[in-house]
Amino acid sequence: MWLVTAIIVVAIVLIAYVLLIVPTQWLKLERVRVPSANLGIRVLQISDVHVEFTRISARRINRIIKQQQPDYICVTGDFTQKAKHLPKVKCYAEAIGEAGIPVYAVLGNHDYRLAEPERLRLISILEQAGFTVLLNDSVLIDGKFRLVGIDDYGSKKSDIEKALAKVEVEEPVVVITHDPNILLWMKPQFRYLMAGHFHGMQFNVPPLFRFINKGILAASGIIKGLHWYGGCPIYISRGMGQTSPNARLFINCEVTLHEL
């Protein structure tokens, strides 16, 4: 009898591992092509790093960057929520910045759980690794387009008007932000928008967001992948890390190569 019980226990553990842990180790390089953006650029998006809850190594991310050689890298928030993990953030930031490719980033809601001194330290770590952190600000890139970083909506840090203040008429605009719910307050006047936050639901059970409030977009089923809003393309990444518990169900991790 004990042997049967042992076999059942082992089987349950193996099934749980395959269903809940393997998806957190399975990193897919998603490729998204949106010719209508008409920018002629390749952008690698990394989102929801969550260094305390990721099983994707910094070395692996570095390898993907070197293999793909994108024109730009955009990191759409959520590095960590605890100061003790900032040294690990430094490791990932340096791995991302090492290739010498321009890196731009915004902060996410978990980053805003850090006390202000620690959050400033986070920003300093990113900047020392070569990141440009856009907090409701924008930069004109290579004379081709303006990259706008809108700060986190869920943390009440977003200021759309300030973020778009430098945008010239007819200037192509690409937006990076963490929480895509900011879309509900924006005019769709951009070529492309990249966000994260939802983790593709993390536990991909369709009714889940009816009980967990992640905003109107998630409640309506807009939680991952390419969508169109007011005629403009938006992309929501599944992210490469998790929030607690450190598991995923029926949804893998991703980094995304956008051809725009």
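Leaving aside its neighbours within four places in sequence, which residues is Tyr192 in contact with?

Guide: A word on the model comes before the answer. The model is predicted, with local features needing pLDDT of at least 70 and side-chain atom pairs counting only at pLDDT 80 or more, while totals for chains, interfaces and linings use all residues. Residues are numbered from 1 along each chain as its sequence is written, and side-chain values use heavy atoms, with hydrogens and water left out.

Tyr192 is in contact with Val32, Val34, Val173, Val174, Val175, Leu226, Pro233, Tyr235, His258 and Leu260, leaving aside its neighbours within four places in sequence; contact means heavy atoms within 4.5 Å. Tyr192 lies in strand E9 (residues 192–195). Strands (E, at least two residues) and helices (H or I, at least four) are DSSP runs, numbered from the N terminus. Tyr192 counts as buried because its relative accessibility is 0%; buried means under 20% relative accessible area, exposed over 50% and partly exposed in between, with a 1.4 Å probe and protein chains only. Glu168 is 24 residues from Tyr192 along the chain, and their C-alpha atoms are separated by 16 Å.

Not counting residues up to four places away in sequence, His258 touches Val32, Ile41, Arg42, Val43, Gln45, Tyr192, Met194 and Tyr235.

Two strands pair if DSSP finds at least two bridges between them. Strand E1 (residues 27–33) pairs with E12 in the parallel sense over seven bridges, and Val32 stands opposite His258. E2 and E12 run antiparallel and are joined by four bridges; here the partner of Val43 in E12 is His258. Six of the seven residues of E12 are buried, so this strand is largely enclosed by the rest of the structure.

Glu254 is also in E12. Its relative accessibility is 0%, so it counts as buried. A polar atom of the Glu254 side chain lies 3.0 Å from the backbone nitrogen of Arg238, and the side chain makes a polar contact with that of Thr256 (2.3 Å). Outside four places in sequence, the contacts of Glu254 include Leu27, Lys28, Glu30, Tyr235 and Met240.

A nonpolar core is a set of buried Ala, Val, Leu, Ile, Met, Phe, Trp, Tyr and Cys residues joined through side-chain atoms within 4.5 Å. The largest one has 36 residues, and those with the most contacts inside it are Ile46, Ile61, Ile73, Val75, Phe79 and Phe131. Elements giving it two or more residues include strand E2 (42–46), helix H2 (58–68), strand E3 (72–76), helix H3 (86–97) and strand E12 (253–259). H3 gives the largest share, six residues. In soluble globular proteins, nonpolar side chains tend to be buried together.

Ile46 touches Ile61, Ile73, Cys74, Val75, Thr76, Ile96, Met240 and Val255, not counting residues up to four places away in sequence.

The buried residues of H3 are Leu86, Val89, Tyr92, Ala93, Ala95, Ile96 and Gly97, and they pack against E2, H2, E3, E4, H4 and E5.

Met240, named above, has a further neighbour. Thr54 lies in the loop between E2 and H2 and counts as buried because its relative accessibility is 10%. The backbone oxygen of Met240 lies 2.9 Å from a polar atom of the Thr54 side chain. Leaving aside neighbours within four places in sequence, Thr54 is in contact with Val49, Tyr92, Met240, Gly241, Gln242 and Asn246. Ala247 is 193 residues from Thr54 along the chain, with their C-alpha atoms separated by 9.3 Å.

Notes
A polar contact is a pair of N or O atoms within 3.5 Å; within protein, one must be able to donate a hydrogen and the other to accept it, and residues adjacent in sequence count only if both atoms are side-chain atoms.
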